[in-house]
Amino acid sequence: MTIAEKGESIVALSASQAVRLQEMRFCRVLPTSDEGIWRVTDVSRVGVVGLDGLRLIIQPKTPLRSLIFMASYGGSQIAVDNHAFTFEADSDLPTALAASLLHAIGLATRRGLLKGYVAAAETSTVVRGRWDVSRQLKIRPGIPSPVELTLDDYTEDVPENRILRAALSALSRRERLPERLLKELSAALVMFGDVSDLRVNGPLTMPPLSRLNAHYQPALRLARWVIEATSWARQAGTTAGSAFLMNMAHVFENFVGTVLRESLASDGFDVELQASGWNLDVDGRVRMRPDIVISRRGQVITVGDTKYKVWGPGSGSPPNADVYQALAYAVTARVPEAHLLYVSGDVEPQRYLIAATGTTVVAHAISLDGTPEELVERVQEVSAELLGTRGTGSGMIAADAGRSRRSRGTSVRTV
């Protein structure tokens, strides 16, 4: 049975199944006038849920190929060609992610698993590494042998490999994956046989990007979404038998933010994602967390917020709450504009001038159809629009495209 992420779906559920689906808190389940028929709306996750023998597929409004590309996007480290998308076009999300993760891991480990130095504790009669005097005195006070040592091991048991192993393990336990993929997952796990299990207490912490792990980035990004999708239901406290649920709002936000960061870096702009330390009131009791803050030399230039919502010509103005939120960001940052980034087709930006403050809220729409290259180009065009005439220099990516779009006419409304 399929549920659409966009709009509402009418589905047949038992009362028990409806209650359990509601308990997962990623959608609203409402009764209809017909017994056993329910209306499912406000869907915030995509993937697969198993309920008392019933398999529900939450179909994303974003094409699967675009979804997987956004989830794995690592800038210049990822090849934007069809070889990364060998899964069938009509596959469900777990199948698509499994196939793409296997491909990404294959590319990342062509020369073997990543290795690094990891601090290890050892007890020995021969001194090597560093003698841990404090541990020696704690465990064996006054006894000189054996000695407690701390040494750096050059090993494959590094955080990057633990994350990949955890994602492969999570997918290998999935029900109804194609037999071919299950065999490939098992074979891939053998390669990680000397890697420890990943222990996650709370949000997954990704290893810092470095020259040594740059080639791992697309695989690590996909692995992160797999781990989140398989662990979210348990973290939310649901009693559902099985769930694989992915937060598309986070995927969209991270993709847009990453492309903006890479597009604007050459011109000296900094892009902070999920900025912390922002307060609307003087006492700091009303906290805010903008999705995107663009600054230069410590000075905030503009603020943006991603909205994984469809907004287009027939949608009217953006929701009032979104405009209020953007206005609060602009007023707090003392900038003349704030931007809302929606999902839709080729829709011209709409500008809303707030007369009381002189602030302008600009709504943009980014289409997620098309090739990976087109997705990146659209966000790069938006990067020019976010900065307006403030973005200068030869390194400004897509500035000409941004000016071209603005020249076609941007509607301005006064509120």
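Two strands count as paired if DSSP finds at least two bridges between them. On that basis, this predicted model contains an open sheet of four strands in the order 1-6-5-10, with mixed pairing. Strand 1 (2-4) and strand 10 (242-246) are its edge strands, each pairing on one side only. From one strand to the next the twist averages 20°. Strand 5 and strand 6 (residues 54-59) are joined by five bridges in the antiparallel sense, and Val 48 has Ile 57 in strand 6 as its bridge partner.

Two helices lie across this sheet. Helix 1 lies across strand 1, strand 5 and strand 6 and runs at about 140° to strand 5. Helix 3 lies across strand 5 and strand 10, at about 70° to strand 10.

There is also an open sheet of three strands, ordered 2-4-3, with antiparallel pairing. Strand 2 (9-12) and strand 3 (28-31) stand at its edges with a single partner strand each, so one side of each has no neighbour in the sheet. Direction ignored, neighbouring strands here are turned by 35° against each other on average. Strand 3 runs antiparallel to strand 4 (residues 37-41), and four bridges join them. Leu 30 stands opposite Arg 39 in strand 4. Helix 1 (residues 15-23) packs on this sheet too, touching strand 3 and strand 4, and its direction makes about 150° with that of strand 3.

The loop between strand 4 and strand 5 (46-51) holds Val 43. This residue has a relative accessible area of 11%, and because the cut-off for burial is under 20%, Val 43 counts as buried. Its contacts, leaving aside neighbours within four places in sequence, are Ile 3, Ala 4, Glu 5, Phe 26, Cys 27 and Ile 58. Cys 27 is 16 residues away along the chain, yet its C-alpha atom and that of Val 43 are separated by 4.4 Å.

The next element to consider is helix 2. Of the nine residues of helix 2 (residues 64-72), eight are buried, so this helix is largely enclosed by the rest of the structure. Among the buried ones are Leu 64, Leu 67 and Ile 68. Those three residues are also touched by Leu 93, whose other contacts beyond four places in sequence are Val 46, Gly 47, Phe 244 and Met 246.

Leu 93 is one of the residues with the most contacts inside the largest nonpolar core, which has 86 residues; Leu 21, Phe 26, Leu 101, Met 246, Phe 255 and Val 256 are the others. Helix 3 gives the most to this core, with ten residues. A second, separate core has 21 residues, including Met 288, Val 347, Val 361 and Ala 363.

Helix 3 also packs against another helix. The axes of helix 3 (residues 93-108) and helix 5 (residues 159-172) come within 11 Å and cross at roughly 145°, and the crossing is left-handed. Helix 3 makes the contact with Pro 94, Ala 98, Leu 101, Leu 102 and Ile 105, and helix 5 with Leu 164, Ala 167, Leu 168 and Leu 171. An α-helix has 3.6 residues a turn, so residues three or four places apart point the same way. By class, the contact has nine nonpolar, no polar and no charged residues.

Over the whole chain there are eleven helices and 19 strands. Of its 415 residues, 49% count as buried. Among contacts between residues at least 6 apart in sequence, 63% join residues at least 24 apart.

Technical notes
Residues numbered from 1 in each chain as written. Predicted model: local features only at pLDDT ≥ 70, side-chain atom pairs only at ≥ 80, totals over all residues. Heavy atoms only, no water. Axes fitted to C-alpha atoms, helices over the stretch in contact; angles between N-to-C directions. Left-handed = near helix turned anticlockwise from the far one by under 90°. Contact = heavy atoms within 4.5 Å. Nonpolar A, V, L, I, M, F, W, Y, C, P; charged D, E, K, R; others polar. Core = buried A, V, L, I, M, F, W, Y, C linked by side-chain atoms within 4.5 Å. Buried < 20%, exposed > 50% of the residue type's maximum accessible area, 1.4 Å probe, protein only.
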